[in-house]
Amino acid sequence: MASVENGEILAERMNPDSRLFFMDPEDEDLDFMFQWFVGWIAYGACTPGELFKVARKVDPKSAASWMTEFGKEAEKIESIGEDCMKKGHRISAGQAFLRAFGYYRAAYCAIDPADEDFFPVYFKTVECFKKYLDCLSKTYPHEYVEIEYKGYKFSGIFLKAENSNCPKPTIMFHNGGESHKEDTWFLGGRDAIERGYNALLIDLPYDVQPRSYNPEVTAKNFPKADLIGVYHAVTDFLVARSDVDAKRLVVCGDSYAGIKSTFNAANDDRFAALVASAPLYSWREVITNGVMPKQFTMGDPEESNKLVNSLPWLPRVTLHRVIWMHGFNSMVDWLDVSQDNLELDPRDIKCALLSIRAESEGPEVIRQATEVYEKASSRKKALWIGKTEDGADFHCQINNLALRMQVMFDFLDEALNYDGYPA
């Protein structure tokens, strides 16, 4: 992301020489997001023909164009799914609903929290993903769950490695700053159950979507003690299940979830392993030293908002969403109130650790990911770097999820002494 006014880098998460479709330097963030959806092709959530057809219609300078074109494709594919359901073709219907989810999800990237389509399109993504899983329930056994903490309810999807009560290693997935629980299906959820692990996909405080269900779920109302409390409530839910191997719990997170998952592991000794891309220990330092210039996060809130509003539409909408989801009116207010909420000592990490970072990450992310790896008290730990030579150098390794999953699950199988499907 680059500031319109002075060209300063806001976030480094891809090699600019690796742009795929949107080639204007100002559209680098847009191309990164587009390549995220290209990565979903391998999971059936998009197809090359549909995705590139829509991209050719999009005016990259217009949020409305992006939303409209992807929205039309989503409606078209959803209609195909509904028609397949009426005719009894459940697998075809499920596959169509997953693609409809992908295109609604793409459309949603362009919608500001103040826009009237913000909630309807989001709930369309939830609906289509649910229809997909329900159509393929024999392939992917699952339950829709709710976890309560102090009267707040948090929705999740519990994916079962098999349709039985046999205890299995289980992974809890945290969400990043731009991702929802459904997105973590592509960041390890599906791969988990295909490798014999259970998985919990869930929206929690400091995530984008809980405010869509309850406006009071914000960082403003969840100081550090309550953040730990709700995370513990989720772990309590998991260890109480007969189909969960309580000694083989894993916590995982990407991007903003890198620090959420690391924070969770540092404050709960029930986890056997942590996988984070990238593991971080100070969100305040990430923001002030790495993600964006200081005038966005320090000083006058009104001036900060003017700078945010000067950005191209995708980073502008993304930052509006970050401010909204945390319950504040500016980046300055958010950082000032929540600065201590996501802070931890890397030495408190005692479980097995896989620290992942991309070659194209910014210096502060690289520094913290390396320091967490070096200082963690883990008896088993590894550092893996997604590199350009492997086509895995983007933030969260979105340009090579297959390699990322191989590294992640090979590490977990060894750390947990687990073979989900022995020969």
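My entries on helix packing and salt bridges follow.

**Entry: the helix pair**

I noted at the start that this is a predicted model. I looked up helix α11 (residues 301–309) and helix α13 (residues 331–338). Their axes come within 7 Å and cross at roughly 120°.

Next I checked which residues meet. From α11 I listed P301, S304 and V308. Their partners in α13 are M331, V332 and D333. By class, this contact of α11 with α13 has 4 nonpolar, 1 polar and 1 charged residues.

**Entry: the salt bridges**

I looked up the count, and it comes to 32 salt bridges. I picked out a few.

E28 pairs with R19, and their closest N and O atoms are 3.8 Å apart. E28 is buried, with a relative accessible area of 18%.

D27 pairs with K61, with the closest N and O atoms 3.1 Å apart. This pair links distant parts of the chain, 34 residues apart. D27 lies in the segment before α1, and K61 in the loop between α2 and α3. Is D27 buried or exposed? D27 is buried, at 5% relative accessible area. K61, at 44%, counts as partly exposed.

K181 bridges to E182, the closest N and O atoms being 3.0 Å apart. K181 is buried at 4% relative accessibility, and E182 is buried at 1%.

Key. Residues are numbered from 1 along each chain as its sequence is written. This is a predicted model: local features need pLDDT of at least 70, side-chain atom pairs count only at pLDDT 80 or more; totals for chains, interfaces and linings use all residues. Side-chain values use heavy atoms; hydrogens and water are left out. Axes are lines fitted to C-alpha atoms, for helices over the stretch in contact, and angles run from 0 to 180 degrees between N-to-C directions. Helices (H or I, at least four residues) and strands (E, at least two) are DSSP runs, numbered from the N terminus. Contact means heavy atoms within 4.5 Å. Ala, Val, Leu, Ile, Met, Phe, Trp, Tyr, Cys and Pro count as nonpolar, Asp, Glu, Lys and Arg as charged, and the others, Gly among them, as polar. A salt bridge is a side-chain nitrogen of Lys or Arg within 4 Å of a carboxyl oxygen of Asp or Glu. Buried means under 20% relative accessible area, exposed over 50%, partly exposed in between (1.4 Å probe, protein chains only).
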